[in-house]
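The following paragraphs give a guided reading of the structure shown below. They move from a helix to the sheet beside it and then to charged side chains.

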Amino acid sequence: MTKVAPSLLAADFACLLQEVKRMERFGADWLHLDVMDGHFVPNITMGPLVVQALQGQVDLLLDVHLMIEKPQDFIHQFYQAGAHLLTVHAETCPHLHRVVQAIKKMGCKAGVALNPATPLNLLEYVLHDVDLVLIMSVNPGFGGQNFIPAVLPKIKALAQEKRKRDLAFDIQVDGGINTATAGPAVAAGANVLVTGSALFNSADPQNFIRTLQQLPAGK
């Protein structure tokens, strides 16, 4: 079954816990927290205190996506705050293997994200070590953007490499995911979908989540 990770970025921050509990009640699998620093991406969002505030409040996996420069300086803070999975961008990590190992050494799951124009070969020597690869299907920084179809061959190529090496990492896709774009992403090989505006603005969020979870996996 495809996992669905609501993006907290699209929630109503005036009643954040209620929004999170609503997504949990509707059957979401993970909770995706987009951390932006105003440097790597043109926006500023949340920090470890938000993660800490949610720790123990819900049973969802806290999936923390670090869209920040020098993520190695902050991974311990986010892990201590309660992150279950920390994803860093390959574009921000000149010593990517070291950062992945540092995350795993803490006892946390490690993910690596790639922007739409970043090639897969940057992951050549860390694929055996990661728990998740996140393929961005929009240019990061803002919610509500349109899915970039050109990333579909990248998702498919990653899924093929995963099968070829007999690896078990999750393939996550983030950006412009709705009921129209989710199917092609899953067919290409994704098994975790981050969805924000389309889900939170849906007239029936529970059915939206269920629809995505039931999408047939690609071959």
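Directly after helix 5 comes Asp166, whose phi is positive, near 55 degrees. This is a value in a predicted model, as are the other values in this text. Helix 5 comprises 14 residues, and the distance from its first C-alpha to its last is 20 Å, close to the 20 Å expected at 1.5 Å a residue.

Which residues of helix 5 are buried? They are Lys154, Ile155, Leu158, Ala159, Lys162 and Arg165. These residues lie on the same side of helix 5, because the arc they cover around the axis is only 135 degrees. Pro153 and Lys164, on the other side of helix 5, are exposed. The cover over the buried residues of helix 5 includes strand 5, strand 6, strand 7 and helix 6 (182-188).

Side chains of opposite charge can pair when their charged atoms come close. With a cut-off of 4 Å between a side-chain nitrogen of Lys or Arg and a carboxyl oxygen of Asp or Glu, the count comes to five salt bridges. In one of them, the side chains of Lys3 and Asp170 meet at 3.8 Å, N to O. This pair links distant parts of the chain, with Lys3 in strand 1 and Asp170 in strand 7, 167 residues apart. Are the two partners buried or partly exposed? Asp170 counts as buried because its relative accessibility is 16%, whereas Lys3, at 26%, counts as partly exposed.

A second salt bridge joins the side chains of Lys104 and Asp131, at 3.1 Å from N to O. Here too the pair links distant parts of the chain: Lys104 belongs to helix 4 (residues 96-105), Asp131 to the loop between strand 5 and strand 6, and the two are 27 residues apart. Lys104 counts as partly exposed at 32% relative accessibility, and Asp131 counts as partly exposed at 23%.

The loop between strand 5 and strand 6 also holds Glu124. Glu124 forms a salt bridge with Arg165, and their closest N and O atoms are 3.1 Å apart. The pair connects this loop with helix 5 across 41 residues of the chain. Glu124 has 35% relative accessibility and therefore counts as partly exposed, while Arg165 is among the buried residues of helix 5. Together with Glu161, Glu124 and Arg165 are linked in a network of salt bridges.

Notes:
Residues are numbered from 1 along each chain as its sequence is written. This is a predicted model: local features need pLDDT of at least 70, side-chain atom pairs count only at pLDDT 80 or more; totals for chains, interfaces and linings use all residues. Side-chain values use heavy atoms; hydrogens and water are left out. Helices (H or I, at least four residues) and strands (E, at least two) are DSSP runs, numbered from the N terminus. The expected span of a helix is 1.5 Å times one less than its number of residues. Buried means under 20% relative accessible area, exposed over 50%, partly exposed in between (1.4 Å probe, protein chains only). The arc is that of the directions from the helix axis to the C-beta atoms. Contact means heavy atoms within 4.5 Å.
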